[in-house]
Amino acid sequence: MCRSHPRALSRRPYRRSALRYAEGPRVSAHRWSYPSVRAASQRSFGLFYVLMLLYCLCFMPTLALTNSLAFRQMSDPKLEFGAVRVLGSIGWIIAGLVIGTLRLEATSIAMKLAAVASMLLGLYSLTLPHTPPLGNRNDRFSIRNIFPAEAVSLLKERSMLIFVIASFFICIPLQFYYAFTNLFLNQVGVQNAAGKMTGGQMSELFCMLLIPVFFRRLGVKYMLVAGMAAWVLRYILFAYGNATDGMWMFWGGILLHGICYDFFFVTGQIYIDQKADAGLRAAAQGLITFITYGLGMFVGSWLSGFVVEHYALPLAQGSISYDWRSIWLFSAIVSALVLIFFLVSFSEKNDRTASTSPEQNRLKNAVS
């Protein structure tokens with residue numbers, strides 16, 4: 001399931017810097033609403049899958065775009081971003097409580113509500129501030145502008161490369177949580193699973209507000225380490241909990257979401273914003289989003305489906321259960337391997353070991 005943030009890219013042709021980044025959510029929010037409405041009425045899985053794919057193709061680029069919009073409006077993102085990003089968690093909580101309380105998890109009404117929300121976000125985006133692209137105003141859009149060479153060259157720095165590799169691999173076990181936690185909780189007998197899962201977003205609210213404090217005390221590396229370590233602990237709690245006397249372990253795994261998401265992904269977004277030059281920040285955010293929520297989630301979706309099917313347990317009357325302990329322990333092991341790799345490889349002291357290219361210098365001059 002896509003995370004619910006009002007973000008999207010514009011389909012309007014690029015016309016110098018007159019294009020406002022803020023136009024992206026306005027146009028695309030309406031575009032994602034149509035596939036969601038159509039998907040809600042489908043009975044064929046093939047067509048349903050195509051419509052949901054179209055929805056996500058419109059939605060996922062918005063994750064990077066609205067980060068860039070927010071960062072451009074802030075004087076100190078590491079102190080200010082948390083208070084803005086926390087509003088997305090509040091929206092997620094409201095959606096989860098509504099879906100869970102009204103028992104809409106197994107109905108098409110949830111997608112119809114998503115379509116209405118998308119339309120409302122399209123209208124809301126008309127109020128976003130004018131935020132023209134940085135760079136040379138005479139440049140025209142080309143394919144290479146999607147991932148400029150200057151943004152890709154950030155990977156020449158060892159610490160940035162290690163961060164990107166770890167981000168890609170941590171998104172693989174992440175997909176186990178996003179895709180299968182609701183199914184898992186329902187199968188083991190947890191009531192109102194969707195409502196209980198909003199506890200994860202409630203913990204996001206708290207952790208988001210703590211980001212400025214921990215930035216000063218821990219620094220980037222150990223905030224990222226804490227986030228990945230929380231993934232390992234979460235999956236262990238899921239593996240050994242149960243819906244009766246072990247329910248506290250399920251709650252622990254759910255409430256760790258604040259650390260899991262905020263300390264790794266939000267901290268990572270701020271880290272990218274700090275490392276990239278002003279004119280490259282939007283492209284750098286897009287690049288990391290493509291690698292994580294694009295490639296990482298793609299591999300994670302494929303692998304998680306394969307692993308879950310591998311541990312399927314056929315029951316009477318054609319129903320299926322799963323060996324959830326083995327599934328969650330597999331996810332914990334993968335998360336632990338990524339954590340160890342990052343812990344021994346990443347160093348904040350590797351500041352821009354790669355030399356600045358002439359293109360980056362020209363871009364700096366154009367922005368300044």
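This is a predicted model: local features need pLDDT of at least 70, side-chain atom pairs count only at pLDDT 80 or more; totals for chains, interfaces and linings use all residues.
A strand here is a DSSP run of E with at least two residues, and strands are numbered from the N terminus.

Is Tyr322 buried or exposed? Its relative accessibility is 14%, and buried means under 20%, so Tyr322 counts as buried. Setting aside neighbours within four places in sequence, Tyr322 has contacts with Leu183, Gln187, Val308, Glu309, Tyr311, Ala312, Leu313 and Ile327. His310 sits twelve residues from Tyr322 in sequence, and the C-alpha to C-alpha distance between the two is 8.8 Å.

In soluble globular proteins, nonpolar side chains tend to be buried together. In this model, the largest nonpolar core has 79 residues, and the members that touch the most others are Phe163 and Phe265. Which helix gives the most to this core? That is helix α8, residues 193-240, with 18 residues. As for Phe163, once neighbours within four places in sequence are left out, its contacts are Leu224, Gly268, Tyr271, Ile272, Ile288, Phe342 and Phe346.

Last, the surface. Phe45 is in helix α2, which covers residues 45-59. Phe45 has 60% relative accessibility, and the cut-off for exposed is over 50%, so Phe45 counts as exposed. What does Phe45 make together with Leu47, Tyr49, Val50, Leu53, Leu54 and Leu57? Those residues form a nonpolar surface patch of about 710 Å².

Key: Residues are numbered from 1 along each chain as its sequence is written. Side-chain values use heavy atoms; hydrogens and water are left out. Patches are made of residues with over 30% relative accessible area and no salt bridge: like charges are joined within 9 Å, nonpolar side chains (Val, Leu, Ile, Met, Phe, Trp, Tyr) within 5 Å. Accessible areas come from the Shrake-Rupley method with a 1.4 Å probe; for residues, only the protein chains shown count as cover. A salt bridge is a side-chain nitrogen of Lys or Arg within 4 Å of a carboxyl oxygen of Asp or Glu. Helices (H or I, at least four residues) and strands (E, at least two) are DSSP runs, numbered from the N terminus. Buried means under 20% relative accessible area, exposed over 50%, partly exposed in between (1.4 Å probe, protein chains only). Contact means heavy atoms within 4.5 Å. A nonpolar core is a set of buried Ala, Val, Leu, Ile, Met, Phe, Trp, Tyr and Cys residues joined through side-chain atoms within 4.5 Å.
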